[in-house]
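Load the model in your viewer and keep the sequence panel open beside it. The stops below say what to select next and what is found there.

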Amino acid sequence: MPSRKFFKWSWDSAESQESFVKTVGFDDPQKSYLQVKQIETLLNLKPCKMIDIGCGNGRQTQIFAREGYDVSGIDISEKFLREACENAKKENIRVHYQRMRASQLRQREEYDFALAYHHSIGFLSEEELPLHFAGIYDCLKAGGIFLFEMAGPKLDGKFIPCKSWEERENDFILVDKKIERGYREELCILIDKKTGNIQEFHEKQRAFSLDELKNILGAAGFKDVQTYADLEKTPATESAFGVFVCIK
Ligand SMILES: C[S@@+](CC[C@H](N)C(=O)[O-])C[C@H]1O[C@@H](n2cnc3c(N)ncnc32)[C@H](O)[C@@H]1O
């Protein structure tokens, strides 16, 4: 008899992490390399001491390390970090990975550059949100750069509200997304083609406005915050934003 299970989506849960890999997934090496080059151009960045906040499977950390950066990466997912460590070992690359939340960062004035790419802050509690950005601010040296890149009002490349379904190798994926009263709500149903088992993920995350994000970064201490719609420096607007270049 096929089963049907319900989950509240959270980065802390192993089932949610697996569903992220199945439905969204990490960008491939080619895309990752292009992003790193775009970041270097945008920031006029040269090899330095850096930290990747929410580094996932380490796809960008390893490219930066190959380019000569001294790289650390933190994430809350044991599964993603295991993959990152295995890849780094296979490629003979040195990256210092640590399992922790950004709000638990205790390093002070240690990094020249902090990266938070495809960064997801909508699930943080109101109490954790300021600690998250304070941790990032504090770990940077004076004059250090924080690049914060996130989906903005456009999520997963699609404007919402939207309903979609897709057939993949092992699953059917049904998605329903909407934004209501400042929150993005998503229902994602995964149906295993072999067993018929259903996993139903209910996701609710805060959908920030451009001004809210500028205020949050300002409150963390960043005085100079440039906002763009993309890495090509297209100026940000309330309906198209996602790149924040912040100087300590
Ligand atoms: C959308 S993924 C992006 C991963 C990676 N930066 C990339 O571009 O491929 C977001 C990542 O942030 C991690 N994450 C979520 N909340 C976090 C937190 N509070 N502190 C550290 N990492 C977090 C998740 O586990 C996940 O790996």
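Two strands count as paired if DSSP finds at least two bridges between them. Helices (H or I, at least four residues) and strands (E, at least two) are DSSP runs, numbered from the N terminus. The model is predicted: local features need pLDDT of at least 70 and side-chain atom pairs count only at pLDDT 80 or more, while totals for chains, interfaces and linings use all residues. Residues are numbered from 1 along each chain as its sequence is written.

**Stop 1: a parallel pair**

Select residues 49-53 and 70-75. These are strands β2 and β3, which run parallel and are joined by five bridges. Within the pair, I51 stands opposite S72 of β3. Axes are lines fitted to C-alpha atoms, for helices over the stretch in contact, and angles run from 0 to 180 degrees between N-to-C directions.

**Stop 2**

**Stop 3: the five-stranded sheet**

Next, show the other open sheet, again of mixed pairing: five strands in the order β1-β12-β11-β10-β9. At the edges stand β1 (4-8) and β9 (162-167); each has a single partner strand, so one side of each is left without a neighbour in the sheet. From one strand to the next, the twist averages 15°.

Zoom in on β10 (residues 171-180) and β11 (residues 183-192), an antiparallel pair joined by 10 bridges. K177 faces E186 of β11 across this pair. Their hairpin has two residues between the strands, and R181 takes a positive phi near 45° there.

Follow the chain on to β12 (residues 198-206), which pairs with β11 over nine bridges in the antiparallel sense. Here R184 is opposite Q205 of β12. The hairpin of β11 and β12 has five residues between the strands, with G196 in the turn at a positive phi of about 80°.

**Stop 4: the ligand**

Which residues are closest to the ligand? Among the 19 residues that surround the ligand, the closest are W11, G54, G56, Y117 and H118. A residue belongs to this shell if its C-beta atom, placed from the backbone, lies within 6 Å of the molecule. By class, the shell holds nine nonpolar, six polar and four charged residues. Ala, Val, Leu, Ile, Met, Phe, Trp, Tyr, Cys and Pro count as nonpolar, Asp, Glu, Lys and Arg as charged, and the others, Gly among them, as polar.

**Stop 5: the domains**

Colour domain 1 (4-13 + 155-206) and domain 2 (29-153 + 208-247) separately; the bounds come from an automatic or database domain assignment. The C-alpha centres of the two domains lie 25 Å apart. Eight residues of domain 1 are in contact with seven of domain 2. On the domain 1 side, the touching residues divide into two nonpolar, two polar and four charged.

**Stop 6: the whole chain**

Finally, zoom out. The C-alpha trace spans about 60 × 45 × 30 Å along its principal axes. The protein chain has six helices and 14 strands.

Notes
Contact = placed C-beta atoms within 7 Å.
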